[in-house]
Amino acid sequence: MNQTMAEALGEALRRPLTRGEALALLEWVRTWEDALELFRVAATVRDQEVGRTVRLMGFITSITPCTTDPPCRYCWRWASPRAFSDSDVLNEKQLARAARAIEDLGIKRVELGGGTLRGEEGGELTLRAAAAVTGACKMGVWINNGPSFGIQHVHELKQVGVEGIACNLESIRERVYEMARPGDSLARRKEIVEESDRAGLLIDNTLMIGLGEAWEDKHPYREWVDFLFWLKQFPGLKILEIHPFRPVPRSPMEELPAGSPFETAKVRAVARLVFRNIGIAGADEPLGVMAGANMVMHAVAVTKKERSRPGVACGPARVRDIGDGLVLADSLPALRRYVEDLGLVLEE
Ligand code: SF4
């Protein structure tokens, strides 16, 4: 470890990293030995700021189909045409049933996922779904269905009791949108995040490590740091997800390299040292816990029976029928055992 890196990590124990320090750390850490030093400091800051409790998010999908045209070039819609179709969408009765089943397991917050449904219909369907869930449970309700709604709906979502919004950028660069998300709009996603913060809603957002990188490319550290510091302007930022890009079979991007798990862990650690006390997802992987993550998304997920379900990295979920065409994938037993092995506890 060079002296400057040691000094930066020493400072990081006491105060948030500056933009320059965040960039320098990503560039300095090029070996697993140096990464262990970075992780040790990030995990120490996690323990000091938010403790050793892993927070959990439940998940229900879908609340909206996706009409993005063309589909994002890395989307699961290429592998499974049924994904994010009309047949995936839960009605209000099913949403209420799903929410109660998740709450019964002790989960405190739930995210409602879906594709991007353009036009007024997207806003209306999102509002109806949000109201069905806030009316059925006491969990904090988060919305994660892209720009299916406009900035005018953000305030209505707050009125029906929504706690937070995840309008995921995944990348902060227009050139990545042009290449990977030609039917989507970075500007529109940013507007929704900005309006969510103005409305007093909490914010969850996702950075996808490796999205748009070719085999010969160097990692775009500056872009990742720009992403983190764009989010830093929002006091409502409470959850940050940093995941590696995974090439989807049969998609136009299937031949591109997968996002690096090592770089993902580095960025999670740097994010911990920038943001200090927020929820950082990725605690379902040992490297994530070591890098300062403290949150697991999709700890319990409800979908229609025929649909594929998101899970967690540390083991398979127990899947059971909860009636009305729905199944619940419960990852709590796998998570509890794994988290205890690492000397942490699950949120009760
Ligand atoms: S907006 Fe989401 S669901 Fe729709 S095509 Fe893009 S990645 Fe897929």
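Trainee: Leaving aside neighbours within four places in sequence, what is proline 65 in contact with?
Mentor: Proline 65 is in contact with Phe84, Ser85, Asp86, Asp88, Val89, Gly115 and Leu117. Two residues are in contact if their C-beta atoms, placed from the backbone, lie within 7 Å. Keep in mind that this is a predicted model: local features need pLDDT of at least 70, side-chain atom pairs count only at pLDDT 80 or more, and totals for chains, interfaces and linings use all residues. Residues are numbered from 1 along each chain as its sequence is written.
Trainee: Where is proline 65 found?
Mentor: Proline 65 is in the loop between E1 and helix H4 (92-103). Helices (H or I, at least four residues) and strands (E, at least two) are DSSP runs, numbered from the N terminus.
Trainee: Buried or exposed, proline 65?
Mentor: Proline 65 is buried, with 22 other C-beta atoms within 10 Å. The cut-offs are 20 or more other C-beta atoms within 10 Å of its own for buried, 12 or fewer for exposed, and partly exposed in between, with C-beta atoms placed from the backbone. Also, the C-alpha atoms of proline 65 and glycine 114 are separated by 6.2 Å, though the two are 49 residues apart along the chain.
Trainee: Which residues does a cis peptide bond join, with omega about 10°?
Mentor: Threonine 61 and serine 62. Serine 62 lies in the loop between E1 and H4. Proline 70 is found in that loop too, and the peptide bond from aspartate 69 to proline 70 is cis, with omega near 0°. Most residues other than glycine have a negative phi, and most peptide bonds are trans.
Trainee: On phi, then: which residue has a positive phi of about 70° although it is not a glycine?
Mentor: Arginine 276. Its place is in the loop between H10 and strand E7 (279-280), and arginine 276 is partly exposed, with 17 other C-beta atoms within 10 Å. Aspartate 324 is not a glycine either, and has a positive phi of about 55°. Aspartate 324 sits in the loop between strand E9 (318-323) and strand E10 (326-330) and is partly exposed, with 14 other C-beta atoms within 10 Å.
Trainee: New topic. In helix H9, which residues are buried?
Mentor: H9 covers residues 221-231, and Trp224, Val225, Phe227, Leu228 and Leu231 are buried. Seen down the axis of H9, they fall within an arc of 150°, so they line one face of the helix. The arc is that of the directions from the helix axis to the C-beta atoms.
Trainee: And what do those pack against?
Mentor: The buried residues of H9 pack against helix H2 (19-28), strand E5 (202-209), strand E6 (237-244) and helix H10 (261-275).
Trainee: At what angle do H2 and H10 pack?
Mentor: About 155°, with their axes 10 Å apart. That makes H2 roughly antiparallel to H10. Ala22, Leu25 and Leu26 of H2 make the contact with Lys266, Val270 and Val274 of H10. Axes are lines fitted to C-alpha atoms, for helices over the stretch in contact, and angles run from 0 to 180 degrees between N-to-C directions. Under 35 degrees counts as roughly parallel, over 145 as roughly antiparallel, 65 to 115 as roughly perpendicular, and the rest as oblique.
Trainee: At roughly what angle do H3 and H10 cross?
Mentor: The axes of H3 (residues 32-50) and H10 cross at roughly 40° and come within 9 Å. That makes H3 oblique to H10.
Trainee: How many helices and strands does the protein chain have?
Mentor: The protein chain has 12 helices and 11 strands. Of its 348 residues, 49% count as buried.
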